[in-house]
Amino acid sequence: MEDLARGALDWISGTAGDDLTLYSGRAGIVLALLEGHRHFQDDRYGEAARRGAIALTGDDGSSLYFGLTGTAVVLRAVHRLLGDEHANRAADRALGIVRARFDGRGWGEMTELLFGNAGIALGALHAGDLDLAVLAVEPYLRTADVTAGGVNWSVRPSPPRSHHIAHGTLGIVCALATVGAAAGRDDLVELALAGAADVVARNEAGPTGFLVPHSDPPHRPELIERYSYGWCNGPAGDAQVFRLLGALTGDGVWAARADQCWHTVTHSGLPQRLRPGFWDNNGRCCGTAGVLALALDRHVELGEPLDFANVLVEDLGRRATVDAAGARWLNFEHRVTPSELAPEAGWAMGNAGIVPELLRYARIGAGADPAYAVSWPDHLPARSLRPPR
């Protein structure tokens, strides 16, 4: 898998575009190049990352995945790993702009993790600005709505309430819990637990599994399936939030919830494409790489066998396009014709999200350090939870 990852890095090294974001553009590509630089000790990838960071001068908004907060996260990483002081100063400027844009409630209509407050809070904390992180999450104290199970939030102008990490309650829970713990704010942590309780109360998979609908009432049901299984809106991402809550509270109930998520993921049929629309993506956001991230976390922390991780990696290997230009993955959209989509370079649906997981898998197989070169703001770094022998 190292050769496949190297080919993927080579392909994105020659890919440039106008998109600067962490989600689908140059910022996410820079982080993948930093992973390649650390893993292979190859200065080509480090220099490509430095050049990519210099190009992050545009202004695409304030958010973590689509704006300046994500830019700041990447620039801090370039400074830390490559010693680039220009990148460090540029990160300070980006965070200053984000702070100045705060309107007392947030940064726009969306207030969740990908576009809004939760992501900005996590990114600011990751980049070393605790005050901005607290500023971003405090509005949730005023905007939480009490539900039968706990609390949730209106994160978009339309009525549906989303439940998962990308656009919903668990993304807000992740931010409240992380920032609350860092700031010593019990009120933020308690609100996070109330949000998690709302999502837990919606579980429809019984005592052994965990499966919660995308949103209630259903958001755009003509386009969005009621149930998903990946990082963004399914149990692969839910489990990541439960990992976090377990680490912060020491309460074993969250480990049990994460186990339920894993049971559902591993019994869902993925990565087989059982029907059009079920598993049409290889990427980190809503595809195979995001599930692989959880599989590797569970191996590091709990000693989970790599059997399912092996299945996921083999599937990624089969679905890769490899030629003289390098390696890349394409996805499918069953509602359009032709359904085959062009390969992407970015984090969400493309190489930049797949490469770090392939490299981490390779290091685990070699008995080397499984840690990422750059941790993600919304992904708790994996540490062994097994007692020493």
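User: Why is Ser-215 called buried?

Analyst: Ser-215 has a relative accessible area of 2%, and buried means under 20%, with exposed over 50% and partly exposed in between (1.4 Å probe, protein chains only), so Ser-215 is buried. Keep in mind that this is a predicted model, where local features need pLDDT of at least 70, side-chain atom pairs count only at pLDDT 80 or more, and totals for chains, interfaces and linings use all residues. Residues are numbered from 1 along each chain as its sequence is written, and side-chain values use heavy atoms, leaving out hydrogens and water.

User: Which residues does Ser-215 touch, not counting those up to four places away in sequence?

Analyst: Those are Pro-160, Arg-161, Ser-162, His-163 and Arg-226; contact here means heavy atoms within 4.5 Å.

User: Why are H2 and H3 called roughly antiparallel?

Analyst: Helix H2 (residues 26–40) and helix H3 (residues 43–54) pack at an angle of about 155°, with their axes 7 Å apart. Angles under 35 degrees count as roughly parallel, over 145 as roughly antiparallel, 65 to 115 as roughly perpendicular and the rest as oblique. H2 and H3 are therefore roughly antiparallel.

User: And what makes H1 and H2 oblique?

Analyst: The axes of helix H1 (residues 2–13) and H2 cross at roughly 135° and come within 10 Å. That angle belongs to the rest, so H1 and H2 are oblique to each other. Among the residues making this contact are Leu-9 and Ile-12 of H1 and Leu-33 and Phe-40 of H2.

Key
Axes are lines fitted to C-alpha atoms, for helices over the stretch in contact, and angles run from 0 to 180 degrees between N-to-C directions. Helices (H or I, at least four residues) and strands (E, at least two) are DSSP runs, numbered from the N terminus.
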